[in-house]
Amino acid sequence: MNYSHEPVLLEEALTNLICDKSGSYLDCTFGLGGHSKKILENLNSDGSLFSIDKDSEVKEYANLIKDERFEFQVSSFSNISNLFSENSMDGVLFDLGVSSLQLDKPDRGFSFMRGGTLDMRFDNKSGVSAKEWINKASEKEIADVFYFLGEERKSRQYAKKIIIARKDMNISSTTDLAELIKPKGFQKKHPATNIFRGIRILINNEFEELKKGLISSIRVLKNKGILAVISFHSAEDRIVKNFFRKEYKNFFEDINLKNINKIKPSKQEKSANPRSRSAILRVGEIEYVS
Ligand SMILES: C[S@@+](CC[C@H](N)C(=O)[O-])C[C@H]1O[C@@H](n2cnc3c(N)ncnc32)[C@H](O)[C@@H]1O
């Protein structure tokens, strides 16, 4: 099967990110390469792009890009400081969340719309899968993940259902889990949306990774370099917003983030690509103060 991912806020991210066509750029979320390819198109022959992704399955797609200005490595946000030197990048981009490769492949277990093993790891070669976690975690732990990470109001009710079901079965597929929390009657949004998102955030340690990634990005950016982050839900955006507003100062006293901008998708993009509906792009420029 051929997977394709419609990049979100593509033009807006590019216009804001590329401040020097001969510069060096870092795409921290290669995915299926939508943003990376567009960055390369916009650079001149002296420019360069480094892309990373935690998911080793995307390496095959990165290898298709035959361009001397491009390098790819399987790695995570928390490793950025080890991979790149300080003051080396003109722009850093994060396009958070899940790629279509991950969502559409049933055996990756990210989508309750597709039957598959309950996995949900971005890096499916290491760590604990969603299946292992949901069959071992305590009721309180499950309820907390649904509430705090999934922002699900009925967290305790769903956690109880899971503990009861576990007495008779091993919850091993996306369908097993989605069936357990199936809504009675019509609901605008399937509760599995929040539940699956909460588990995914936990399994991939997403919030800690994001915080480490933001701090490392400032470290690797040059003076006047651009940090651009696309988020897809309120809890994720809150981390980015607070970091841009003031939290970066806890780590970098001699740096200012200026020209901060918040950009949302156009009406046209929202209707053409439903995944973009909740997207928010935040950009800021690094200023060294001496
Ligand atoms: C929304 S997709 C990116 C799509 C990409 N911009 C495109 O246009 O094809 C997000 C990607 O980020 C990756 N990712 C998530 N968390 C990561 C982390 N902590 N470190 C590295 N990559 C991560 C995921 O594996 C996924 O491939």
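Guide: Helix H1 (residues 10-17) and H2 pack at an angle of about 45°, and their axes lie 10 Å apart. That angle makes H1 oblique to H2. Please keep in mind that this is a predicted model.

Visitor: OK, and which hand does the crossing of H1 and H2 have?
Guide: H1 passes H2 in a right-handed crossing.

Visitor: Which residues make that contact?
Guide: From H1 the contact takes Leu10, Glu11, Ala13, Leu14 and Leu17, and from H2 it takes Gly34, His35, Lys38, Ile39 and Asn42. Sorted by class, the residues of this contact of H1 with H2 are five nonpolar, three polar and two charged.

Visitor: Let's move on. How do the axes of H7 and H8 cross?
Guide: Helix H7 (residues 139-149) and helix H8 (residues 155-166) have axes that come within 8 Å and cross at roughly 140°. Angles over 145 degrees would count as roughly antiparallel, and H7 and H8 are therefore oblique to each other. Their crossing is right-handed.

Visitor: And what meets what there, between H7 and H8?
Guide: On the H7 side there are Glu139, Ile142, Ala143, Phe146 and Tyr147, which meet Ser155, Arg156, Tyr158, Ala159, Lys160, Ile162, Ile163 and Arg166 in H8. By class, this contact of H7 with H8 holds eight nonpolar residues, one polar residue and four charged residues.

Visitor: What about H11 and H12, at what angle do they pack?
Guide: H11 and helix H12 (residues 234-245) pack at about 30°, and their axes are 11 Å apart.

Visitor: Why is that pair called roughly parallel?
Guide: Angles under 35 degrees count as roughly parallel, and H11 and H12 are therefore roughly parallel to each other. The crossing of H11 and H12 is right-handed.

Visitor: Which residues touch in H11 and H12?
Guide: Glu206, Phe207, Leu210, Lys211, Leu214, Ile215 and Ile218 belong to H11, and they meet Ala235, Glu236, Ile239, Val240 and Phe243 of H12. This contact of H11 with H12 has nine nonpolar residues, no polar ones and three charged ones.

Visitor: Switching topic: how many cavities of 30 Å³ or more turn up?
Guide: A search of the whole structure finds one cavity of 30 Å³ or more, and about 400 Å³ of space lies in this largest cavity. Its lining has 30 residues, of which Thr29, Phe77, Asp95, Gly97 and Phe122 are the closest to the centre.

Visitor: Which helices supply at least two residues of that lining?
Guide: Helix H2 (34-42) and helix H11 (206-220) each supply at least two residues of the lining of the largest cavity, and the largest share, four residues, comes from H11. The lining of the largest cavity divides into 10 nonpolar, 12 polar and eight charged residues.

Visitor: And the largest pocket, what volume does it have?
Guide: The largest pocket has a volume of about 900 Å³. It is lined by 22 residues, and those nearest its centre are Leu103, Thr193, Arg197, Arg200 and Arg275.

Visitor: Where does the largest share of the pocket lining come from?
Guide: H10 gives the largest share of the lining of the largest pocket, with four residues, and helix H5 (100-104) and helix H10 (192-203) each supply at least two. By class, the lining of the largest pocket has 10 nonpolar, five polar and seven charged residues.

Methods: Residues numbered from 1 in each chain as written. Predicted model: local features only at pLDDT ≥ 70, side-chain atom pairs only at ≥ 80, totals over all residues. Heavy atoms only, no water. 1 Å grid on protein atoms, 1.4 Å probe; cavity = no way out; pocket = protein on both sides within 12 Å on 5 of 7 lines; lining within 4 Å. Points joined across faces, edges and corners; volume = space filled by probe spheres on them. Nonpolar A, V, L, I, M, F, W, Y, C, P; charged D, E, K, R; others polar. Axes fitted to C-alpha atoms, helices over the stretch in contact; angles between N-to-C directions. Parallel < 35°, antiparallel > 145°, perpendicular 65-115°, else oblique. Left-handed = near helix turned anticlockwise from the far one by under 90°. Contact = heavy atoms within 4.5 Å.
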